[in-house]
Amino acid sequence: MTALEETAVTPAVTTPALDALDALESEAIHVFREVAGEFDRPVILFSGGKDSTLLVHLAIKAFAPAKVPFGLLHVDTGHNYPEVIEFRDRVAAQHGLRLDVDRVEDYLADGRLVERADGTRNPLQTQPLLDAIAEHRYDAVFGGGRRDEERARAKERIMSLRDAFGRWDPRKQRPELWNLYNGRHAPGEHVRVFPISNWTELDVWRYIRREGIELPSIYYAHEREVFQRDGMWLAEGPWGGARDGEKLERRSIRYRTVGDGSCTGAVESTATTLDEVIAEVTASRLTERGATRADDRLSEAAMEDRKKEGYF
C-alpha cells in the first residue's frame, strides 16, 4: 500500500457533538468571559435563588482555577425567606466572593421609599438597585433572567443596554447575530447581561442535577403553614398573613421561584429529590413566574413596566 493509499483510508477524527446542556453551558461561559474582557466593573445579582446560584456556578467554571473577577450584589426586600438568606451568605463565604447587600428596609426607614398598600416590596427594589449601580459604577450587571419566564423577559437580548437613568427601551434592542454581543455604552449607562437567556426551567433543573449544585431547601417539598389566595399558596411572615375568609392549612409544598414572601407563592408538591422535581417541571404547563408570582399579575404589562423603570 502506498503512502497516499494509506492516508486515504485513515478514518477522520471527529469532534463529539455537544449535547444541549453542554451547548448552553458553553454559551453562558462565553458570555461571562466576553464581559470580563470588555467591561471594567461587572457584578452578579445574587439572591440565593436557583437561577442566580446557577450564574455563580457558571462564573466559577468560566474563570477556574482563577478567582471570579467580580463580586455579588443583592437588593434585599426584608421579606425574603430565612432559608434563602442563610444560603446566600454561605455560598458567598464558601467561594470567597464579595457580597454587597442593599436593603429596602433602609430606604423605608429614612423615607426614601414608602411601603405599598398591598405590602409587596418587589417593585421597591428598583431604586436601591439603581443607586447601588451608580454608587459602585457598575457597567455590566449579570442577571438570571430567562426568556421562557415571562413575555417582557422574552424581549431581552443577552446584552441589554440601560440608559443613564437605568431605563430599558425594548424598541432599541441591538441585534446579536453569530454570537456577537455589543456592549458599547456611554458614561453613566450600563448593560444588563443575561447569560442563561436561552435556558428553560427544565434545562436549569437538569443542569443542577448533572453538576450537583446545592440549592436552598425550600425548592424541595416540605410541610409549611400556608393559605390560598388567587390560586396560589402563600405563607405567613413579616409581610403579613391570611385575611378574612382565608384559612391556614398545613400542606406539603415547594417553591419554584423565590423572592419577596408577600407575592411569591408555592405549589403543592411531594417532590423531595431532583429526579422528582424534574418530572414535576416536565409535566407543568405554566412557567414558574406564571404559576407563583402575584406581582406579575398586577397588570398585563406589569413586568415590562417595572423593567422600563430599571427593575430586573
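Is arginine 229 buried or exposed, and what is its relative accessible area? The close-ups below start there.

This is a predicted model, in which local features need pLDDT of at least 70 and side-chain atom pairs count only at pLDDT 80 or more, while totals for chains, interfaces and linings use all residues. Residues are numbered from 1 along each chain as its sequence is written, and side-chain values use heavy atoms, with hydrogens and water left out.

**View 1. Arginine 229 in strand S7.** Arginine 229 is buried, with a relative accessible area of 15% (buried means under 20%, exposed over 50% and partly exposed in between, using a 1.4 Å probe and protein chains only). Its strand, S7, covers residues 222-229 (helices, H or I of at least four residues, and strands, E of at least two, are DSSP runs numbered from the N terminus). Look for the polar atom of the arginine 229 side chain that lies 3.3 Å from the backbone oxygen of glycine 241. Setting aside neighbours within four places in sequence, arginine 229 is in contact with Leu234, Gly241, Ala242, Arg243 and Glu246 (contact means heavy atoms within 4.5 Å).

**View 2. Phenylalanine 70 in a loop.** Here we're between helix H3 (50-63) and strand S2 (71-76). Phenylalanine 70 counts as buried, at 6% relative accessibility. Leaving out residues up to four places away in sequence, phenylalanine 70 touches Phe32, Ala36, Pro42, Val43, Ile44, Phe63, Leu97 and Phe142. Take isoleucine 44: it sits 26 residues from phenylalanine 70 along the chain, yet their C-alpha atoms are separated by 7.5 Å.

**View 3. The second largest cavity.** Searching the whole structure turns up two cavities of 30 Å³ or more (on a 1 Å grid over the protein atoms alone, a cavity is a set of points where a 1.4 Å probe fits but cannot get out, and lining residues have an atom within 4 Å of a point). Around it you'll find Gly145, Arg146, Arg147, Arg153, Glu156, Phe194 and Ser197. By class, that lining has one nonpolar, two polar and four charged residues.

**View 4. The second largest pocket.** This pocket holds about 230 Å³ of space (a pocket is an open set of grid points with protein on both sides within 12 Å along at least five of seven lines). Its lining has 16 residues, and Ile133, Ala134, Tyr138, Gly188 and Glu189 lie nearest the centre. Helix H6 (residues 126-136) gives the most to this lining, with three residues.

Key: A polar contact is a pair of N or O atoms within 3.5 Å; within protein, one must be able to donate a hydrogen and the other to accept it, and residues adjacent in sequence count only if both atoms are side-chain atoms. Grid points are joined across faces, edges and corners, and a volume is the space filled by probe spheres set on the points. Ala, Val, Leu, Ile, Met, Phe, Trp, Tyr, Cys and Pro count as nonpolar, Asp, Glu, Lys and Arg as charged, and the others, Gly among them, as polar.
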